[in-house]
Amino acid sequence: MFTAAAESFLKQAREIQEEELRRFASRVASLLQGPELGPEAVDCLQRLHLTVAATKYPRRLDGKFVELLQTVLCSSKCPEQVQVLCAAILREMSPCNDLILSCDQIQDTKLLSLVSSILLAQGDKKGEVAAVGQRIVKVLERRLPEGQSARYILPVLSNVISLSPESLTEEQVNVVSKKMADWLRYASTQQGVAQPSGGFFSSPRTKQPGPVTEVDGAIATDFFTVLSVGQYHTQDQWLNVQAFSMLRSWLLCYGDKGLKTPKSDDRSGMDKSVMSTVSTLPTSSRLLPPKERLREKAFEYCQRLVEQSHRRPLKKDDADLQKACLIEAVTIMDIICKQDSSYVHRAASFLKVLHGRICGDATYARALLPIAQFFLNHSKVAAVDSDAIYRHLLTDIPAQLFHNASLAFEFVQFCKANSQLFTETSSVFRQSFPNLFKFLAWNSPPLISEFVDFLPSLLDAGTAIEIFHLLLDLPCLTAALDVQLRSAALPTSEKAASDPAVPPSTCLEAFRHPLYRSMFQHLLRAKSTSEDAPERLIPLRQLLGSLASSPRVVQCAETVPVLLELFFKVVAEFADGPLINQLVVLLLQRSDQLCEIPAFKDDVYRVLSSQLVVLCKLHPALIVELSTEILEFSGAVSNIQNKEAIFTHVVWAVGEYLSVCYDRRCTVEQVLRFFEALEAVLFEVTQLRPLPTTPGYPPRAISVLMATLTKLAARSQDLIPRVSMFLSKMRTFVQSPAVTSVYQEEDLEEILIRATELLNLLKMPSVAQVVFTPPVASTRFQREVNNSLPCALRMVTRLLEPTPGFMPG
């Protein structure tokens with residue numbers, strides 16, 4: 001956040017109009033053309049830079065003024081601070097049509113860095129990126145004059161390779177690779193000399209610089225790295241640090257380009273690993289091609305960093321730097337091994353030892369990710385069993401550090417990127433998915449898009465059921481994790497187990513209560529389990545309902561519908577009949593066992609009801625195979641009020657798929673059982689009651705019940721009289737005072753219209769049978785029966801009850 005003063009300056013800069021800006025630029029121009037560029041010129045340039053940078057839209061400056069900025073920038077007498085400000089203003093003006101800058105003749109590395117940054121900001125309209133890259137390499141090729149340093153232009157080179165790697169030729173890549181190898185390996189191990197400040201106490205006598213030290217204060221006995229400590233640094237030490245900072249991107253761009261296996265007679269029979277052993281000897285180091293030599297020096301550098309990370313630092317900042325460098329070092333070693341497999345065995349044994357040292361320290365959790373990545377990529381070549389590494393990563397880390405938001409993001413990204421490798425390499429990945437959901441439960445909004453990409457890799461026939469339960473219980477998992485954290489923070493004196501005879505009154509007490517302990521353990525499990533008893537968690541879900549209003553729980557609940565839809569979409573691609581049946585049974589059961597968040601339940605009901613239709617379409621025989629469960633659900637009137645969306649779709653599915661056309665096992669007796677159960681439900685919701693407290697059942701449910709009974713009657717025509725009589729009484733129902741006081745007039749009109757249409761259709765049983773019982777795959781009309789049914793109903797109604805002026809035929 002900006003301070004009040006900063007906000008005020010920004011507001012003033014944004015409100016400056018074009019005319020005022022033009023006058024101010026004229027004043028700045030007169031100062032830049034003066035004999036001396038003093039503090040006033042610096043102050044005006046700073047204000048001008050703020051003005052052109054404060055708005056999203058580009059500010060306009062006069063072409064002559066832009067030309068003046070370029071002239072001042074390139075002037076040899078211009079103070080450095082003014083040069084920096086001129087370059088910053090020109091970058092803000094980019095892309096600029098009035099640019100006349102060129103880096104071709106610039107010798108000074110500081111000025112080259114400033115000019116190059118402006119050229120790279122142009123967007124490569126005229127090949128600026130390639131021109132900058134060519135010039136930077138030419139400067140690096142020659143010996144720099146006294147006082148010049150390549151440290152100013154290495155960041156520019158890093159930008160070039162990120163923008164346009166192909167702008168460098170193979171020869172130029174080799175030149176830079178050779179220099180980077182020297183910068184990494186041969187930097188001075190003596191500290192730099194302090195520059196005299198020129199103050200009163202400055203002395204012409206300079207103290208002899210001492211050696212650099214390690215982070216623990218010991219004198220460094222090996223070569224310099226980014227983890228070496230010194231009060232002042234030499235130029236080659238700065239180059240060492242910069243070379244390491246761009247090493248990963250350099251290797252990824254150019255490390256394996258143009259590499260060819262030697263085919264000469266004297267090497268053709270020699271094993272590559274043997275060649276590597278010979279080539280990595282110090283005596284032959286300088287005989288290697290530049291890219292191979294860079295890999296060798298980079299590997300040695302990374303090994304040195306890993307060894308330095310063992311030391312206990314004197315400063316906390318150094319501890320953070322150790323961990324960051326360790327992650328980068330392991331990542332670079334992985335890249336090197338991808339480009340040259342002869343390094344794999346050396347790296348594998350080295351990283352095995354490293355993993356054993358840091359796996360017990362939670363502060364090194366991030367470093368475990370690149371180590372696991374290395375073994376995922378190279379365990380086959382290294383011929384090592386890495387399951388212990390994967391098991392620790394996927395079991396311990398999510399359980400302990402699910403609340404670390406940045407680690408959660410990196411962890412899920414890692415799993416998403418390596419899901420296929422994990423599946424091919426180890427069974428631990430699929431077994432540990434309950435643990436991964438802890439990241440989502442605690443960090444739902446930031447991780448939802450990652451889990452949308454990640455979830456399909458976890459799903460198969462063996463995990464679908466358990467993941468279905470996990471998704472529905474995700475808000476409860478969030479609440480349980482919150483209770484776990486709060487319980488861990490309690491003083492030891494308060495962590496004693498609760499009395500089993502006394503029911504817990506709070507979630508914290510339940511966490512330690514013997515009756516609830518196993519429930520918490522199941523919800524917070526780290527591995528997949530074959531146990532499928534969601535009803536055992538009912539008491540815990542009710543207890544955790546007290547946390548339903550927690551913002552974290554509410555946010556988690558909002559992600560569940562999205563993931564549920566994705567879940568069913570993926571499962572539909574591989575599910576067979578038994579799995580679909582199992583999902584439908586669980587769908588009906590779990591609709592009563594959800595976290596008590598009203599909006600959450602409504603959204604879940606919406607998704608489950610729509611997906612029920614998809615499952616029925618995939619496996620229509622489930623209506624017959626699950627007749628007992630479906631009859632039990634659809635025969636309960638309470639489900640209309642509590643779960644109207646699911647109830648309506650279940651009843652619709654009965655009318656749509658309970659037919660011999662879909663399953664030859666469908667008998668007349670089964671049709672009659674469903675008919676009588678649904679008839680009783682419809683009678684219950686439409687019976688006339690004199691009291692005004694008549695419950696208002698959803699009109700859609702009433703309409704679907706009528707339509708389903710009509711469909712069943714069309715397939716068993718002995719039932720037509722019962723349905724016809726019921727439908728004929730609907731006019732009395734909708735005109736009853738007790739009913740009109742509960743329902744909207746539009747709803748009652750829709751119910752009456754549908755009842756009339758269905759009744760008219762039943763007056764022509766043969767037509768009703770064609771409309772309601774089409775063959776599974778026949779004419780276009782029959783395949784699109786859901787779309788054509790309203791049209792058929794209206795047509796029959798117009799035939800039987802023609803309006804004035806309507807002439808059939």
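Predicted model: local features only at pLDDT ≥ 70, side-chain atom pairs only at ≥ 80, totals over all residues.
Trainee: What makes a stretch a helix here?

Mentor: A helix is a DSSP run of H or I with at least four residues, a strand is a run of E with at least two, and numbering goes from the N terminus. By that rule the protein has 43 helices and zero strands.

Trainee: Why is helix 23 called largely enclosed?

Mentor: Nine of the nine residues of helix 23 are buried, so the rest of the structure largely encloses it. Among them are E466, F468 and H469. The buried residues of helix 23 pack against helix 21 (433-442), helix 22 (444-458), helix 24, helix 28, helix 29 (577-590) and helix 30 (598-618).

Trainee: How do you know whether D473 is buried or exposed?

Mentor: Its relative accessible area is 7%, so D473 is buried. D473 sits in the loop between helix 23 (464-472) and helix 24 (474-488). Contact means heavy atoms within 4.5 Å, and D473 touches L523, L537, R541 and R590, not counting residues up to four places away in sequence.

Trainee: And A383, buried or exposed?

Mentor: A383 has 65% relative accessibility, so it counts as exposed. A383 lies in the loop between helix 16 (365-382) and helix 17 (387-401). Its phi is near 55°, a positive value in a residue other than glycine.

Trainee: What makes a set of residues a nonpolar core?

Mentor: The members are buried Ala, Val, Leu, Ile, Met, Phe, Trp, Tyr and Cys residues joined through side-chain atoms within 4.5 Å. The largest such core has 254 residues, and W250, F437 and F567 have the most contacts inside it. Helix 28 (residues 551-571) gives the largest share of this core, eleven residues. Leaving aside neighbours within four places in sequence, the contacts of W250 include L157, I161, M180 and L294.

Trainee: How do you know what kind of residues join helix 4 and helix 5?

Mentor: Ala, Val, Leu, Ile, Met, Phe, Trp, Tyr, Cys and Pro count as nonpolar, Asp, Glu, Lys and Arg as charged, and the others, Gly among them, as polar. The axes of helix 4 (residues 63-74) and helix 5 (residues 80-92), which are lines fitted to C-alpha atoms over the stretch in contact, with angles from 0 to 180 degrees between N-to-C directions, come within 9 Å and cross at roughly 145°. V66, L69, Q70, V72 and L73 of helix 4 meet V82, Q83, C86, A87, I89 and L90 of helix 5. Sorted by class, this contact has nine nonpolar, two polar and no charged residues.

Trainee: Which bond joins S94 and P95?

Mentor: A cis peptide bond, with omega about -10°. P95 is in the loop between helix 5 and helix 6 (109-120).

Key. Residues numbered from 1 in each chain as written. Heavy atoms only, no water. Buried < 20%, exposed > 50% of the residue type's maximum accessible area, 1.4 Å probe, protein only.
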